[in-house]
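Hi,

Here is the structure I promised to pass on. Have a look at it first, and my notes follow below.

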Amino acid sequence: MASRTMNNSVPAAEERPAAGGRLRGLLARMPLHLVLLGFMLLWSLPTIALLVSSFRAPQEISASGWWTALTPPWDFTWNNYDAVLNQRGMGRAFINSLLITVPVTFLVLLVAAMAAYAFAWMQFPLRNTLFLVMVALLVVPLQMTLIPVLRLYTQLEIDAEMPIIGGRIFGTNSYAGIWIAHTAYGLPFAVYLLRNFFGALPRDLFESAYLDGASDVRVFFRIVLPLSMPALAALAIFQFLWVWNDLLVALILLGDPDMAPMTLRITNLVSSFGSQYQLLTAAAFVSMAVPLVIFFALQRYFVQGILAGAVKG
Amino acid sequence: MAGVTFEHVSKRFEDTTAVDDLTMVIPDREFLVLVGPSGCGKSTVLRMLAGLETITGGEVKIGDRVVNHVPAKDRDIAMVFQSYALYPHMSVYDNMAFSLTLKKMPKAEIKRKVHEAAELLGIEALLGRKPRQLSGGQRQRVALGRAIVRDPAVFLFDEPLSNLDAKLRVQTRAEITKLHQRLGTTFIYVTHDQVEAMTMATRIAVLSAGRLQQLGTPQEVYAEPTNVFVAGFIGSPATNFFRGVVRDEGEGMSIDTGDFKLRVNPGRQAPLKDYIGREVIAGVRPEHIHDAAYQPADTETDELDVQVDVTEMMGNESLLHLVAGQSKLLARVDPRTKARPGEPLRIAIDTTELMAFDPETELALR
Ligand SMILES: Nc1ncnc2c1ncn2[C@@H]1O[C@H](COP(=O)(O)OP(=O)(O)OP(=O)(O)O)[C@@H](O)[C@H]1O
Ligand SMILES: [Mg+2]
């Protein structure tokens, strides 16, 4: 091919190898793309199976494999979603999940950002030691803390009805209680991540702002937070997902079925009604919807955030 | 507007002493340039004055007020950083207005001040842009503008021109000088570039290893350096130094380096009287060594035969690397010189400009 084009006029000879080069490049990358595609399918297979099953009737699910549903005749149904959202109290659980997750995410971000700012840019005694202790908390398994926290909560219980959102004011079966617990569990990592990000912001900016007459509070809100949007968005997504997907802490601290988040509801579906497999699949998808929305809303920052963190160290 | 005083100021980081017993009075309206090699503590001096670094010992005063424990935000000081340190997420206008909004100045007045400063610096068209949309020179102007709008008591500059290309640097240099004349505020300017120091300063402070070596006008530090360090640091290319013994025989006083003898001008003999028969360090600036064929008419010179090693023709002048026995000399001579590498040359050294220093203390003899 190359030898034949040699005889052509000069411009054509230049164009052709370029086009051929692109084709050759594509061919050369083909195996890689195939492998990637294979992994992608393999990775998403369980999710696809779940999705397909969630639209099938219970008797079909037990009679044939999910893949048979992909060929005609199609008889998909909304019944599972209908049952989950309306008849099993899942709507309330959905709201409960939001009631738990959204405040926790905001609390973690706010407290962690303030702590990280102090650790990165303020001078105070034992700064490094305290930071080290904070990071060391990362290795404490959450499970180990459950019993002490539970005992503490029963002792500190304030047994009165919380207005509007319900539950106790504080203790077990209280939203405030689970907010604080989740926030505490989330803080070590959040502080660590943000401190490193803040620490990599150029020192000159802070000094310039101080000389311009800014206090630490001003610098925090006017300089640090706007410049740290990528890190904050990434952290928000992680934190949201962790709390949204949490089962253990909710199981321990929220016994009241009216306060249970989706994760708790979904497990109860399995245990209390035998294997209601069809409901489980629909419930799982309802539970996945919100994190997906959050992820796609923030994904621009999310990807950027990871890169920014990587480059700045 | 205020003067600045350093009284026995020192700064120690864990194991290094960055600034050592610095005493310096900077009157109001002065353009003081702090100059010295990298790591000599220039930035540290500036940062202590700005309140960005604690002071280990001594007192820093702005006007009559001791500011050792006054936080940076209350010192009424503006600083232009080498990196410019513009707030990347704010527009040029907001960058310049930032300090004024913090002072709770009325909006209309902020607007007037920002536009005034922008006009002065020729950046009015850029006010809506973000810093990343500006060239280096434009950023530099915004950084200047941000300092100007504040009407601070003292302006600080830490190597503000080092990120600009050579041409822009010369231009901005002149503009900062003009700005100083116009604002009539105390300027303290850090640089390691002695050309910047000589051209801009009303007075120069030469620092080395955390110690103040000399404080004086550009003419003083050039013509009467207090020690070997200042003589070598100020002036470009650097001064030639030789060790030699002072002799006083027959035809008059001279310094004998072993390779050649430098006659001491009668006007410069008095401080050398105590050193007769002893060693001194002699210093000759390259611009005071001429090609004997093209020497200026009105000076007293001492002629000498040397060997030419390398020549650098610059057009307006020529640099000659010369060898005399074991000694090497650098000369900056008339461009018409006929000197060629490897050939002998007769040079004329201006004896009225000969410098001499004590070999132990390295202090100037005068
Ligand atoms: N935060 C710090 N911790 C420890 N040592 C420091 C610190 N800041 C500066 N030093 C040391 O203090 C000395 C003076 O530093 P400084 O930054 O003032 O030098 P400089 O004259 O500004 O140099 P340059 O021209 O390179 O900017 C140096 O030896 C430096 O290593
Ligand atoms: Mg410096």
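Let's start with chain B, where an open sheet of 5 strands runs in the order E13-E12-E11-E14-E20 with antiparallel pairing. (Strands, E, are DSSP runs of at least two residues and helices, H or I, of at least four, numbered from the N terminus; two strands pair if DSSP finds at least two bridges between them.) E13 (261–263) and E20 (355–357) of chain B are at the edges with a single partner strand each, so one side of each has no neighbour in the sheet. From one strand to the next, the twist averages 40 degrees.

Within chain B, E11 (residues 240–249) and E12 (residues 252–256) run antiparallel and are joined by 5 bridges. Arg247(B), for instance, has Ser254(B) in E12(B) as its bridge partner.

A word on the source: this is a predicted model, where local features need pLDDT of at least 70, side-chain atom pairs count only at pLDDT 80 or more, and totals for chains, interfaces and linings use all residues. Residues are numbered from 1 along each chain as its sequence is written, while chains are lettered from A and ligands numbered from 1 in the order in which they are written.

Now for chain A: the axes of H5 (residues 90–121) and H11 (residues 229–245) come within 9 Å and cross at roughly 140 degrees. (Axes are lines fitted to C-alpha atoms, for helices over the stretch in contact, and angles run from 0 to 180 degrees between N-to-C directions.)

Cheers
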